[in-house]
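Subject: Structure handover

Hello,

Here is the structure for you to look through. My notes on what was found in it follow below.

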Amino acid sequence: TSVLDVAAETLEQVRELSYRLRPATLEEFGLPVALETLAHDMGDEAGLSVDYLTDFDGVALTPEAEVTLYRIAQEAITNVVRHAQAEFLIVELLHSNNGVQLRIEDDGCGFSPYQAPAQPGQHHMGLISMQERAEIIGGSFELMSAPMRGTSILVRIPVTGNSR
């Protein structure tokens, strides 16, 4: 492989990383479209059937809250693709009484969230990261999973009336 080939491949990897960190769709089209694009792109690539539902029009979130929800969704969908052996993925972004909720659910193999990880060195860091991200912006994070019953995460974020 030539130096130019390596440079071109490295540049492509940097572009992909940049896109995943702060995707143009989030800036350009807002959270509902960015989440739908993320769910379908990652789900289709992994061979998952994806259902996306939102009633989010007109809900004002801070840019920090939007990025946080996007990154939580990204981590959760990555977990589904890597670990769940799922066929179906559901992503919902809904307006609730006094906030917004994001639910990501799969029909995969599930796990016991209270047991030690099966593989040495695996410490559920992604789950801890999602919970911390939600809490930093005043939200809550719930995880529901059991072996052979899939996994569901639910993130609730209060809406304070701040607009863009």
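**Two packed helices**

Helix α4 (residues 63–84) packs against helix α5 (residues 125–136) at an angle of about 165°, and their axes are 10 Å apart. The axes are lines fitted to C-alpha atoms, for helices over the stretch in contact, and angles run from 0 to 180 degrees between N-to-C directions. Helices (H or I, at least four residues) and strands (E, at least two) are DSSP runs, numbered from the N terminus. α4 and α5 are therefore roughly antiparallel to each other, a term used for angles over 145 degrees, with under 35 counting as roughly parallel, 65 to 115 as roughly perpendicular and the rest as oblique.

The contact (heavy atoms within 4.5 Å) is made on the α4 side by E64, T68, R71, I72, E75, A76 and N79, and on the α5 side by G126, L127, M130, R133, A134 and I136. These residues divide into 6 nonpolar, 3 polar and 4 charged. Here Ala, Val, Leu, Ile, Met, Phe, Trp, Tyr, Cys and Pro count as nonpolar, Asp, Glu, Lys and Arg as charged, and the others, Gly among them, as polar.

**Source and conventions**

This is a predicted model, in which local features need pLDDT of at least 70 and side-chain atom pairs count only at pLDDT 80 or more, while totals for chains, interfaces and linings use all residues. Residues are numbered from 1 along each chain as its sequence is written, and side-chain values use heavy atoms, with hydrogens and water left out.

**R71**

R71 has its place in helix α4. With 26% relative accessibility, R71 counts as partly exposed; the cut-offs are under 20% relative accessible area for buried and over 50% for exposed, with partly exposed in between (1.4 Å probe, protein chains only). R71 and L35 are 36 residues apart along the chain, and their C-alpha atoms are separated by 9.6 Å.

**The sheet**

An open sheet of 5 strands has the order β1-β2-β3-β5-β4, with mixed pairing; two strands pair if DSSP finds at least two bridges between them. β1 (49–54) and β4 (140–145) stand at the edges with a single partner strand each, so one side of each is left without a neighbour in the sheet. On average, neighbouring strands of this sheet are turned by 10° against each other, direction ignored.

Strand β2 (residues 88–96) and strand β3 (residues 99–106) run antiparallel and are joined by 8 bridges. In this pair, L93 stands opposite L102 in β3.

α4 lies across β2, β3 and β5 (151–158), running at about 10° to β3. α5 lies across β4 and β5, and runs at about 150° to β4.

**Two loop residues**

Q85 lies in the loop between α4 and β2. Its phi is near 55°, a positive value in a residue other than glycine. Q85 is exposed, with a relative accessible area of 69%.

M148 is found in the loop between β4 and β5. Phi of M148 is near 65°, again a positive value in a residue other than glycine. M148 is exposed, at a relative accessible area of 70%.

**The chain as a whole**

The protein chain has 5 helices and 5 strands, which follow the pattern α-α-α-β-α-β-β-α-β-β along the sequence. Of its 164 residues, 38% count as buried. Among contacts between residues at least 6 apart in sequence, 66% join residues at least 24 apart.

Regards
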